[in-house]
Amino acid sequence: MNKQFLLLYTALFLAAATIVAGCTKEAANSAASTPDTGKGGSLARFTIARDHLYAVSNGYLHAYSLENGAAPKKVGYVPITWDVETIYPYGKYLFLGSRAGLFIYSIDTASAPRMVGMASHARSCDPVVANDSVAFVTLKGGTACGPATSGLYVHDIKNITKPQLVKTVPLPDPVGLGLQDNILYICCGTAGLKVFNVSKPNEPVLLDTIKDGLYVDVIPYNGVLICFVQDGIILYDISKPESPVMVKKIAS
Amino acid sequence: MRLLLLLLATMGLCSCWNWDPNGYYGPEPPRHKVWGNKPVYDTKTSAKTIQYLPGKQPLKQAGNIYAFRRYIFQVDVGKGIHVIDNTDPAAADRVGFIVLQGCAQLSIRGNYLYTNSLDDLVTLDLTDPLQPREVARVAGAFPEMNYNYPLVQPADTGYYTCPRYDSVVVGWVKDSIYATCYRR
């Protein structure tokens, strides 16, 4: 748990996340519609939800109003556990991945996030993606983050205040992950990009392992899987989500 | 438990700034000059200037990605953000670079890109993604970026000169130095 790792994670937990087709489709560019947010990866330390920018910094979750998008204005902050590493929005909730577990905050009152649930697990680093009923979390054991078993942890979140761990799938060095329909993509560094069918979330089925690079994070976006790899970006056509086809590598 | 973790982390943060007599974090500081990394400084004011360089720029250290309309943005850790034209994925490529020292992450909403310029939260107008311009800045929004920004340590292991806090490290060069830090 030294500076090196903190730096590495700062480097990793960069962009912001907004997943789930509903809130990321490109909105018509009219003043009346909600501005579109595009889509970030799962390794984020700030994110946009409900017209607010939420930033994790120094043990606090800060809320900035984007009512005037050209001038974010701080409207509130709440203390959170010091080691939160990723933040992921879904609907009126924020999922905060920390080394101590998964925290769920309600942003019903956008300026005052409030903790409503927590899934505790052995310490680990854990990016999160979620849908209506399930949160997928990757935990990386054997690092500065803790001794947990590396792998995919599936939490049932039908009752948002009481997430239930329903399945764990051991994986080597899992990092970022992305969900497209029933297909879950998990970056496992040198071990490749794992493609899972999660139509039954408590029984993920490994369909394929792709090894074109060292995968860190993924964004499924408009039929293209955008992969952040160690030396740049790889794009895959995912018009068939279960079988990505490489279309371009943009390396250094 | 949490206190213990906090303590451990604090020790972790401090660890690379000090020589550990047990050699756990590296060898004893040599009394003679050694080959190592030396920080390249800029003043905080100057390092917070945002520029846009049109055209494809080399990628030094790939960072996180963000998809927005027909563009992809990729952080170059500590250096800025590459703009990638993804109109035709098969021909996608970098087409420009936003110089942002200390850059770690970004998010986009409407025509605005939010990111960090060292410890400041900055807003860039993306109306023309190929001509981003700064429209707002919240100073000191990310206080930890004063001591934990991406370039605060050299990328490679070995001896280096501990950086000063009154300036900003914008890069590292190899030189013959009196080492004060060691990176495992």
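Which residue in E4(A) is the bridge partner of Ala55(A)?

View 1. Residues are numbered from 1 along each chain as its sequence is written, while chains are lettered from A and ligands numbered from 1 in the order in which they are written. The pLDDT, the predictor's confidence in each residue on a scale from 0 to 100, has a mean of 79 in chain A, where 77% of the residues reach 70 or more. Residues 1-33 of chain A have a pLDDT below 50, and this stretch has 97 contacts in the model beyond near neighbours in sequence. Two residues are in contact if their C-beta atoms, placed from the backbone, lie within 7 Å. Where pLDDT is low, the predicted coordinates should not be read in detail. Of the 252 residues in chain A, 54% are buried, a residue being buried if 20 or more other C-beta atoms, placed from the backbone, lie within 10 Å of its own, exposed if 12 or fewer do, and partly exposed in between.

**View 2. The open sheet E2-E3-E4-E5 of chain A.** Four strands pair in the antiparallel sense in this order, where pairing requires that DSSP finds at least two bridges between two strands. Strand E2 (46-49) and strand E5 (73-79) of chain A are the edge strands, each pairing on one side only. Within the sheet, strand E3 (residues 52-57) and strand E4 (residues 60-65) of chain A run antiparallel and are joined by six bridges. In E4(A), His62(A) is the bridge partner of Ala55(A).

**View 3. The open sheet E14-E15-E16-E17 of chain A.** This sheet consists of four strands with antiparallel pairing. Strand E14 (177-180) and strand E17 (205-210) of chain A each have a single partner strand, so one side of each is left without a neighbour in the sheet. Five bridges connect strand E16 (residues 193-197) of chain A with E17(A) in the antiparallel sense. Among the residues paired here, Asn197(A) has Val205(A) as its bridge partner in E17(A).

**View 4. Two loop residues of chain B with positive phi.** Most residues other than glycine have a negative phi. Arg69(B) has a positive phi, near 50°, and lies in the loop between strand E3 (62-68) and strand E4 (71-76) of chain B. Arg69(B) is partly exposed because 17 other C-beta atoms lie within 10 Å. The phi of Leu118(B) is likewise positive and near 50°, and this residue is placed in the loop between strand E8 (112-117) and strand E9 (120-125) of chain B. Leu118(B) counts as buried because it has 23 C-beta neighbours inside 10 Å.

**View 5. The surroundings of Gly232(A).** Gly232(A) belongs to strand E20 (residues 232-237) of chain A. Because 19 other C-beta atoms lie within 10 Å, Gly232(A) is partly exposed. Leaving aside neighbours within four places in sequence, Gly232(A) is in contact with residues including Lys249(A) and Ser252(A), as well as Leu59(B) and Ala62(B). The C-alpha atoms of Gly232(A) and Ala110(A) are separated by 35 Å, and the two residues are 122 residues apart along the chain.

Key
This is a predicted model: local features need pLDDT of at least 70, side-chain atom pairs count only at pLDDT 80 or more; totals for chains, interfaces and linings use all residues.
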